[in-house]
Amino acid sequence: MLEAAAFPAALADTVARLLPALSPGQLHVPSAPFEVLQNGRLLRIPVRTHYARERLLVCAALPGDAGVIALCLGTRHHDGHLREACARQLLQQERAWTVPFIVHLCGEYVLEIVEVIGAALPAWNAQALARYLLENPGYVETLQRRAVSYWNCYYRRQYPVWEDYPARRTMAALRALQLTPR
C-alpha cells in the first residue's frame, strides 16, 4: 500500500478503503516514489501508477475525499491523456493536500498538462501552493531543471526562445509564489 504514504495521515482510512477498488487489473505496482514535504510531513508519491483506466474513472467519480484521492493518483497514471483529465478535475478542488500532485506535473514532459496548470494557477489555492513551494526549494529546482531539459530535448524547435516556452512561464509563476508567499 505504497499509495498511503502519498497522503496526510488523516486520509489513511479513506485511502485504505479506496485502494481495493483501484487495484484489481493494475498492470504494475506503482513505481518508486518521489519524496516531498507538506506541512512538515514526508510524503512519498508514486512517480507512475498503472490502474485500469475504467476503475480509476469510476473511483474518481466517488464523492468526497475518496474521489479526490483517486484523481490525485490519476495524475500519476502512465497514460498522459488520463493524467491530464485528472489534473483538470483536480484543479477544481481547493484541498491543500492535492498541491503536490499538481506541482509535480509542471516538471513533466506533457506540455498540454503544463499549459492547463499554468492557466489555472492564478486562481488556484495560492496560499497552499506558496507554503508547499517554500517547504521544498530543492524539489522546485529539480522541476525547473526538468522543464529546461524537456524544452531542450522536445520543444526547442517549436519554442526557439526559452521565455516563450509554456513550462517556463508556469515555473516562473510557481517561483513567484515561492518568493512572495501570501
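**Reading the features**

Author: Helix H3 (residues 64–74) is mostly covered, with nine of its eleven residues buried. Here, buried means under 20% relative accessible area, exposed over 50%, and partly exposed in between (1.4 Å probe, protein chains only). Helices (H or I, at least four residues) and strands (E, at least two) are DSSP runs, numbered from the N terminus. This is a predicted model, in which local features need pLDDT of at least 70 and side-chain atom pairs count only at pLDDT 80 or more, while totals for chains, interfaces and linings use all residues. Residues are numbered from 1 along each chain as its sequence is written, and side-chain values use heavy atoms, with hydrogens and water left out.

Reader: Which are the buried residues of H3, and against which helices do they pack?

Author: The buried residues are Ala66, Gly67, Val68, Ile69, Ala70, Leu71, Cys72, Leu73 and Gly74. They pack against helix H1 (12–22), helix H2 (53–60), helix H4 (80–90) and helix H5 (99–105). Contact means heavy atoms within 4.5 Å.

Reader: What are the buried residues of H6, and what do they pack against?

Author: In helix H6 (111–120), the buried residues are Leu111, Ile113, Val114, Val116, Ile117 and Ala120. Their packing partners are H4, H5, helix H8 (137–155) and H9. Thr170 is found in helix H9 (residues 166–179). Because its relative accessible area is 4%, Thr170 is buried. Not counting residues up to four places away in sequence, Thr170 touches Cys106, Val114, Ile117, Gly118 and Leu121.

Reader: How many residues does the largest nonpolar core have?

Author: A nonpolar core is a set of buried Ala, Val, Leu, Ile, Met, Phe, Trp, Tyr and Cys residues joined through side-chain atoms within 4.5 Å. The largest has 61 residues, and Phe7 and Val103 are those with the most contacts inside it. Leaving aside its neighbours within four places in sequence, Val103 is in contact with Leu129, Tyr132, Leu133, Tyr139, Leu143 and Leu174.

Reader: How is the pairing of strands read, and how many bridges join E1 to E2?

Author: Two strands pair if DSSP finds at least two bridges between them. Six bridges join E1 to E2, and the two run antiparallel. Leu37 stands opposite Leu42 in E2, and Glu35 has Arg44 in E2 as its bridge partner. Strand E1 (residues 33–38) has a covered face of Phe34, Val36 and Gln38, and an uncovered face of Pro33, Glu35 and Leu37.

Reader: What is phi of Asn39, in the turn between these strands?

Author: Most residues other than glycine have a negative phi. E1 and E2 form a hairpin with two residues between them, and Asn39 in the turn has a positive phi of about 55°. Asn125 also has a positive phi, of about 40°, although it is not a glycine. Asn125 lies in the loop between H6 and H7.

Reader: Are Asn39 and Asn125 buried or exposed?

Author: Asn39 is exposed, because its relative accessible area is 57%. Asn125 counts as buried, because its relative accessibility is 14%.

Reader: Where is His50 found, and which residues does it touch?

Author: His50 is found in the loop between strand E2 (41–46) and H2. At 13% relative accessibility, His50 counts as buried. Not counting residues up to four places away in sequence, it touches Gln26, Leu27, His28, Val29, His77 and His78. His50 and Ser23 are 27 residues apart in sequence and 8.8 Å apart in space, C-alpha to C-alpha.

Reader: How is a cavity found, and which residues line the largest cavity?

Author: Rolling a probe the size of a water molecule over the atoms shows where empty space is left. On a 1 Å grid over the protein atoms alone, a cavity is a set of points where a 1.4 Å probe fits but cannot get out, and lining residues have an atom within 4 Å of a point. Grid points are joined across faces, edges and corners, and a volume is the space filled by probe spheres set on the points. The structure holds one cavity of 30 Å³ or more, and the largest cavity has a volume of about 40 Å³. Its lining consists of Gln38, Asn39, Ala96, Ala128, Arg131 and Tyr132. Helix H7 (residues 126–135) gives the largest share of that lining, three residues.

Notes
On a 1 Å grid over the protein atoms alone, a cavity is a set of points where a 1.4 Å probe fits but cannot get out, and a pocket is an open set with protein on both sides within 12 Å along at least five of seven lines; lining residues have an atom within 4 Å of a point.
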